[in-house]
Amino acid sequence: MNERDRDRYSRQIRFSGIGLSGQQRLLDARVAIAGCGALGSFQAAALLRAGVRRLVLVDRDYVELNNLQRQWLYDEEDAECARPKAEAAARHLLRIDDQSKAEPVVADLDAGNIGEILDGVHLILDGTDNFETRYLINDFAVQRGIPWIYGGAVGSYGITMPIVPGSTCCFACLYPQPPAGVQPTCETAGVVNVLTSSIASFQVSVALQLLCECQSESCVTTIDLWGGGMRQRPQPPARADCKVCGRRRFSRLEGRGRVPISLCGRNAVQIHSLRGPVDLLLLKKQLLPLGEVRANELALRFQVPPYEMTIFHDGRAIVKGTTDAGLARSLYARYVGS
Amino acid sequence: MDLAMAKNVTISVNGDALEVPGGTTVAALLQLLHVETAQVAVELDGKVAQHERWCDILIPPGAKLEIVRFVGGG
């Protein structure tokens, strides 16, 4: 470690939990951040400042004005230019530390690319906004024996939990299937800006301990910042009958469980979700404050310019105005939940 | 219903003491608490209670339950 880095990280080196050897481990680590929204952009800045310069930043979306309320790393210029979040994050990280080696990857993580994008990382931080990608990450991480740290936040409530293969239960042990029906999302239910940074801080704290090889009890942490308080308790043991970590069946890595998508007409994408039935009246109520919505018992049409989403009772949807499957998935995750 | 089954028992839910009728199942407890079942995992005395068995699992007196809500936003 050079003199400049000894000075830069001096307050961490003096902290007995990290020390010089822990700091060197942080400098040597390569960490992936899956999703660079509210959780991921905070994680990226916090990890870089702690000395993790080799970050793989994966995100499929662009910075929008409504992100700036909670996505600390971005600014108005990013939103005006509609900069891809992964690239915007990497640019800002270079201003924090000119030795940053952050690698932006503008992509939708899927079974076909996850092996290549996350190859060689020591740890994965969850900054995604949907369950589908989390189950994929869980399969990948358990198969390769890489720790990952789940985090989720909506409204004033958030949750985080580390998954350390061989040591803790996995995501599927506790929660074998993604939820069916309409789910609250940050778009429909809103989100308190310091909730996401709180959850991301817990995730980074666990990441630092894992990277520094500090022993600590693995906990499920839940927080409700609007009067509900915080709760931490030990994770339950892994389930021997868990399909993923017990039986080692990685169906999502084989592409199963992935919602199929097809082009539909000249400028539309169909999402063949099988997760229904969707309560269309409930969804209408959630979407009304966000734009024009028309619904009957069979279908709901929602204008989110320049796109138009039609969601059917069985969970299927058609997104008009794009041929980009990743964008269609993103809109579905934002407005219906996945 | 068996008289012994009907007698209230004290259990703990997310750290708070709660009285429920003896013989209450995990599924009945969630209904009683108006919990949206699609979004939660349940631990009973430190072990995950399998979702497909919630209707069959009787909660014993003194049991410690954790109802953990998962969310997808980020």
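Let's start at a pairing inside this predicted model: A:Ile124 has A:Trp148 of strand E5 of chain A as its bridge partner. Strands here are DSSP runs of at least two residues, helices (H or I) are runs of at least four, and both are numbered from the N terminus. E5(A) covers residues 148-154, and E4(A) pairs with E5(A) in the parallel sense over two bridges; at least two DSSP bridges are what pairing requires. From E4(A) the chain crosses through helix H8 (residues 131-144) of chain A to E5(A), a right-handed β-α-β crossover. Right-handed means that, with the strands pointing away from the viewer, the path from the first strand over the helix to the second runs clockwise.

Now for another partner of E4(A). Strand E1 (residues 30-34) of chain A runs parallel to E4(A), joined by four bridges, and A:Ile33 has A:Leu125 as its bridge partner there.

What about the two faces of E4(A)? In a regular strand the side chains alternate between the two faces of the sheet. In E4(A) (residues 123-126), A:Leu123 and A:Leu125 on one side and A:Ile124 and A:Asp126 on the other are all buried. Buried means 20 or more other C-beta atoms within 10 Å of the residue's own, with C-beta atoms placed from the backbone.

Back in strand E1 of chain A sits A:Val31, which is buried because 24 other C-beta atoms lie within 10 Å. Beyond its neighbours within four places in sequence, its contacts include A:Leu55, A:Leu123 and A:Leu125, where contact means backbone-placed C-beta atoms within 7 Å. A:Val31 and A:Leu55 are 24 residues apart in sequence, yet 5.0 Å apart in space, C-alpha to C-alpha.

Residues are numbered from 1 along each chain as its sequence is written, while chains are lettered from A and ligands numbered from 1 in the order in which they are written. As the model is predicted, local features need pLDDT of at least 70 and side-chain atom pairs count only at pLDDT 80 or more, whereas totals for chains, interfaces and linings use all residues.

Notes: A residue is buried if 20 or more other C-beta atoms lie within 10 Å of its own, exposed if 12 or fewer, and partly exposed in between; C-beta atoms are placed from the backbone. Two residues are in contact if their C-beta atoms, placed from the backbone, lie within 7 Å.
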